[in-house]
Amino acid sequence: MSRPKKHDVRKAIVAAAVREFTAHGYIHASLSTIAERAGYTKGAVYSNFSSKPELFVTACETRLDRERTLLLDPIAQTLAEIEGAEELAERLSTEIARVLTELAPWQIAVDEFRALARTDKRASAAYEQLMSGRIAIIADACSLHRLTQGRERADIEAFARGLFALINTLCLETLAVPADPQANRQALRFFLEGFFS
């Protein structure tokens with residue numbers, strides 16, 4: 001029997017990690033369970049990833065593909081299609097509110113990882129890398145819109161960071177106490193109108 005290729009082992013471990021982090025959050029996710037779900041030993045996890053934070057960041061990159069499909073691409077498309085501030089805020093708030101429930105379980109893991117980043121230098125660097133990538137996608141899309149022409153890049157990035165903070169909070173609130181989707185949409189619209197007006 002031939003030995004599995006390193007790429008295939010990493011892919012299986014990352015897929016298992018995404019499921020484990022989604023189901024149990026960052027703190028309670030078990031590397032042993034991840035290894036077992038992937039069909040490998042815990043040693044295989046450590047031979048492919050130097051630490052749990054590194055594995056989480058890699059899982060986040062994989063999960064970002066799903067987030068891109070659910071959230072980031074629709075935001076960029078809406079920014080490309082809609083000219084007026086009021087209609088833009090309405091459509092963006094509707095698009096984002098629609099996917100909060102699906103994004104919510106992963107946000108628990110991201111929130112726990114953020115807390116770890118306060119005390120762990122590797123986690124902090126990894127979290128900053130993760131967030132800067134997400135922020136850049138939104139900031140790039142926003143910077144092309146006519147309503148942001150003349151704004152400083154730092155202001156657009158601050159908006160993107162604030163939008164992710166609001167999305168994260170609404171996701172966590174949705175998990176704790178399922179909110180009225182209309183209330184989430186209104187909160188998002190209020191924030192978006194403030195920026196695009």
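Biologist: How much space lies in the largest cavity?
Modeller: About 30 Å³. A cavity is a set of points, on a 1 Å grid over the protein atoms alone, where a 1.4 Å probe fits but cannot get out. Grid points are joined across faces, edges and corners, and the volume is the space filled by probe spheres set on them. This is a predicted model, where local features need pLDDT of at least 70 and side-chain atom pairs count only at pLDDT 80 or more, while totals for chains, interfaces and linings use all residues. Residues are numbered from 1 along each chain as its sequence is written, and side-chain values use heavy atoms, with hydrogens and water left out.

Biologist: Why roll a probe at all?
Modeller: Because a probe the size of a water molecule, rolled over the atoms, shows where empty space is left.

Biologist: How many cavities of 30 Å³ or more are there?
Modeller: The count is 1.

Biologist: Which residues line the largest cavity?
Modeller: Cys60, Arg63, Leu64, Glu67, Trp106, Val110, Leu130 and Arg134. A lining residue has an atom within 4 Å of a grid point. The lining splits into 5 nonpolar, no polar and 3 charged residues. Here nonpolar covers Ala, Val, Leu, Ile, Met, Phe, Trp, Tyr, Cys and Pro; charged covers Asp, Glu, Lys and Arg; the others, Gly among them, are polar.

Biologist: Which helices each supply at least two residues of that lining?
Modeller: Helix 4 (52–81), helix 5 (85–117) and helix 6 (121–143). Helix 4 gives the largest share, 4 residues.

Biologist: Back up a bit. How many helices and strands are in the chain?
Modeller: 8 helices and 0 strands. The C-alpha trace spans about 60 × 35 × 35 Å along its principal axes.

Biologist: What share of the residues count as buried?
Modeller: 45% of the 197 residues. Buried means under 20% relative accessible area, exposed over 50%, and partly exposed in between, with a 1.4 Å probe and protein chains only.

Biologist: How many disulfides does a search of the whole structure find?
Modeller: 0. A disulfide needs two cysteine sulfur atoms within 2.5 Å.

Biologist: New topic. What is the volume of the largest pocket?
Modeller: About 170 Å³. A pocket is an open set of points with protein on both sides within 12 Å along at least five of seven lines.

Biologist: What lines the largest pocket?
Modeller: Arg3, Pro4, Lys5, Lys6, Val9, Tyr40, Ala44, Ser47 and Asn48. Helix 1 (6–28) and helix 3 (42–48) are the elements that give two or more residues. Helix 3 has the largest share, 3 residues. By type, the lining holds 4 nonpolar, 2 polar and 3 charged residues.

Biologist: Take Asn48. Buried or exposed?
Modeller: Asn48 counts as buried, at 9% relative accessibility. Asn48 lies in helix 3.

Biologist: What is Asn48 in contact with?
Modeller: Lys6, Val9, Arg10, Ile13 and Glu54, leaving aside neighbours within four places in sequence. Contact means heavy atoms within 4.5 Å.

Biologist: And Ala16, which helix is that in?
Modeller: Helix 1. Ala16 is buried, with a relative accessible area of 0%. Setting aside neighbours within four places in sequence, Ala16 is in contact with Ile34, Arg37 and Ala38.

Biologist: Where is Arg185?
Modeller: In helix 8, residues 181–196. Arg185 is buried, at 15% relative accessible area.

Biologist: Which side chain makes a polar contact with the side chain of Arg185?
Modeller: That of Glu90, at 3.0 Å. A polar contact is a pair of N or O atoms within 3.5 Å; within protein, one must be able to donate a hydrogen and the other to accept it, and residues adjacent in sequence count only if both atoms are side-chain atoms. Beyond neighbours within four places in sequence, Arg185 is in contact with Glu90, Ser93, Thr94 and Ala97.
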